[in-house]
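Biologist: Could you put the model up so that we can go through how its parts pack together?

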There are 2 protein chains.
Amino acid sequence: METLKIGIAGLGTVGASTVRLVEAEPTHGGSGRHIEVVAVSARDRTRDRGISLDGRAWFDDPVALARSDVDVFVELIGGAEGPALAAVEAALRSGKAVVTANKALLAAHGMRLVALAEEKGVPLLYEAAVAGGIPAIRTVRDGLAGIPITSVLGILNGTCNYILTRMEQEGLSFEACLADAQRLGYAEADPTFDVDGFDTAHKLAILSSIAFTTELDAGAVAVEGIRGVEPADLAAAAELGFRIKLLGIATMTEEGVDQRVHPTMVPRGTALAETMGVTNAVSIRGPAFGELVLSGPGAGGDATASAVVSDLTDLARGLAPRPLGRPASSLLPFRKPQAGGHRGAFYVRLPIADRAGAFAALAARMAAEGISLEQIVQKTPHRPEHLPPLDEQTVVLVTYPTTEAALARALKAIHDDGVIVRAPHVIRIAETL
Amino acid sequence: METLKIGIAGLGTVGASTVRLVEAEPTHGGSGRHIEVVAVSARDRTRDRGISLDGRAWFDDPVALARSDVDVFVELIGGAEGPALAAVEAALRSGKAVVTANKALLAAHGMRLVALAEEKGVPLLYEAAVAGGIPAIRTVRDGLAGIPITSVLGILNGTCNYILTRMEQEGLSFEACLADAQRLGYAEADPTFDVDGFDTAHKLAILSSIAFTTELDAGAVAVEGIRGVEPADLAAAAELGFRIKLLGIATMTEEGVDQRVHPTMVPRGTALAETMGVTNAVSIRGPAFGELVLSGPGAGGDATASAVVSDLTDLARGLAPRPLGRPASSLLPFRKPQAGGHRGAFYVRLPIADRAGAFAALAARMAAEGISLEQIVQKTPHRPEHLPPLDEQTVVLVTYPTTEAALARALKAIHDDGVIVRAPHVIRIAETL
């Protein structure tokens, strides 16, 4: 059978690993069809990537590569716009199958690119875009196709999970762990995309679209990152029997699909709570199967390249799954539930002025909103010995289930009363996901 | 598009759930193709299964159903021989796609049935045969196709994991937990197939064949069940930081594929150790992706039916994966490594005569085989107060890595010395899987 000719644009760690994996077993999956990387494109031709460029056509311009004589265009450039978008569009328009690891691109232009791929009748595959080496896309797209799903949630960003793990295990600040992660190559020089939750939001929106068969809407994700998490929160979480994880959570509600990314208190002993370091985990829930959890490497050149290669193998085997499993025309329009309606228990850390009556005032405001308190812990914050004691105390509350809106009103009233000296920190508790 | 006509043989809990899931969303996966259960076969037509038989052809004989006017024959009868085998063969011979949940059938006749399906050019799919609602088959067959795998292991039998969980949490005996599991419907009246490890062995052999692209050989699995596990072992495991799980373990070695099923000491805090009750878990390891763990419901009508429906959806979508991902002719012959060569650390519980010198004799025999001891615990077994004290003590040893063969020689010598009063109990420790 004819060789499946691959062109790869972007030769970073994932691109180089993909070349190596394809070379190590060129008849991937026993398809009988030889897979070969015949053309590549990157910014710098001279850089040593540990792979040979001999016999592969070199393109300075990824768009030219996309239009060249390849069967599959593999996009590993990254970024939602610019050359990645231009090259993927060019490849689809010229009738080539596309494999991409680019979640930002899909989050921004997914519906349009899917429509283009369907119009041209070519596959657009992106297993590597979500949760690295975990086959999350094909599990939701194929393994659970036609099976009702009520929620998809997970730890989808290895950088954040690495930082939270180090903060918890070593009692370090967010800033110190971020600096370490940057030094070790787990975080970018500009960490915004990861630590502020946008990367998680992009991956969540992609999974959510397939799971709930709705149009993809990454703009509808409510996003909060991990910058506000303090060692005091992690210590309180441990005392209460939780771990703090940055979760992406998509839930099917009567009003539509609720998509959220935020730090979450997850009960210890559960698969998500025990997912440490750069490992990712995806939990899928539905009435027929209960809970399914996939955990594995969320990043890394070889792991992400494994996912790219699994898509290439599908193509070599002649399997051509639709981008979303089903025709894009069969998707339901995306509906977003009203904000503030999410019900659940909350952890609230309040720095209160250390004065008589402060606690009573706070409790009264909670009661006025009908919020019952399950646990109340009052603490004097730890201060290094060379600093003078603070004129404040920390109160940690755990509420019974209430709505975000009610809690927000109570906290605003508490703030207006002058009872708290800085903004409170609220973390959702996962029991009621 | 034409309706995909399904015939289901076997209307137990999985069969009835499959009918309900198909009816709940007949255009599964947005394939555009209507799925309908048009014919059924079971032993008793009058039994109330909570599903309507109206409008479905009834067959007393599953072979007649297999030869009737259906597109897909779904085999949920069970058993390695008899009507299940006859009906699956009849369906394949008459050119029909087959979906089955029958691991015993595949373990016994898999290679022959795969060859028949390939000869006839029809799909033979069996996601439901391994780990119930966990998409283990498609993850290994498609998600990791062409990616080197070094081991596949897991908790593949919910009955055993339920019994071990109850034994650990409540300090109960194997017999008491088995009786409870039978009362609750988690174990069969004849529990041999589950508790003696054969069910795990069948599932492991199927996974192993796909993972290592070798012919399936369930007869080559070394099998030990959980009957020998005593509360004392679970208590010792807890002290040592382990949980005891019945694992199926397939490892690629230089000599061939090592397939084993046995109780195993698994370090606490790992995903497998934290898999409790009837939940199953599958761990797949390889150099490119590290470790991937899938956990979810290993049994239950709805969960297993989800897996059946995922196969039906592939067919409705026009995807027809090969039974083993690759042509059976491309599989390597199965090679079994020499017995006793497995190296690892061992937990050994020895009931010794309570006499001077017994321990020294035992230690000498271990030393003579070059086995170093990492931990030694000597205990007086717990006896109910109304019974007289036993004239024996229990010694628990944890060895440093050694071979099965060396340990077996040492234990035989210890037995011949008359130092132990009953057979010792050996459990492998998972660090060196």
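**How the copies meet**

Modeller: To start with the two copies, 100% of the interface residues of chain A are also interface residues in chain B, so the copies meet through the same surface; two residues are taken to be in contact if their C-beta atoms, placed from the backbone, lie within 7 Å.

Biologist: Before we go on, what kind of model is this, and how are residues numbered?

Modeller: This is a predicted model, in which local features need pLDDT of at least 70 and side-chain atom pairs count only at pLDDT 80 or more, while totals for chains, interfaces and linings use all residues. Residues are numbered from 1 along each chain as its sequence is written, and chains are lettered from A and ligands numbered from 1 in the order in which they are written.

Biologist: How many residues does the contact take from chain A and from chain B?

Modeller: The contact takes 46 residues from chain A and 46 residues from chain B. On the side of chain A that touches chain B, the elements giving two or more residues are helix H5 (136–143), strand E12 (290–297) and helix H11 (301–316) of chain A, where helices (H or I, at least four residues) and strands (E, at least two) are DSSP runs numbered from the N terminus.

Biologist: And by class?

Modeller: That side of chain A divides into 19 nonpolar, 19 polar and eight charged residues, with Ala, Val, Leu, Ile, Met, Phe, Trp, Tyr, Cys and Pro counted as nonpolar, Asp, Glu, Lys and Arg as charged, and the others, Gly among them, as polar.

Biologist: Changing topic, which domains is chain A divided into?

Modeller: Chain A has domain 1 (4–129 + 305–323), domain 2 (136–297) and domain 3 (343–432), with bounds that come from an automatic or database domain assignment. The C-alpha centres of domain 2 and domain 3 of chain A lie 25 Å apart, and their contact takes twelve residues from each of these two domains.

Biologist: Which element gives the most on the domain 2 side?

Modeller: On the side of domain 2 of chain A that touches domain 3 of chain A, E10(A) gives the most, with six residues.

Biologist: Now the helices: at what angle do H4 and H9 of chain A pack?

Modeller: Helix H4 (residues 103–120) and helix H9 (residues 198–212) of chain A pack at an angle of about 60°, with their axes 9 Å apart; axes are lines fitted to C-alpha atoms, for helices over the stretch in contact, and angles run from 0 to 180 degrees between N-to-C directions. That makes H4(A) oblique to H9(A), since angles under 35 degrees count as roughly parallel, over 145 as roughly antiparallel, 65 to 115 as roughly perpendicular and the rest as oblique.

Biologist: What about H12 and H13 in chain B?

Modeller: The axes of helix H12 (residues 358–368) and helix H13 (residues 404–416) of chain B come within 9 Å and cross at roughly 150°, and H12(B) and H13(B) are therefore roughly antiparallel to each other. The contact is made by B:Leu362, B:Arg365 and B:Met366 of H12(B) and B:Ala410, B:Ala413 and B:Ile414 of H13(B).
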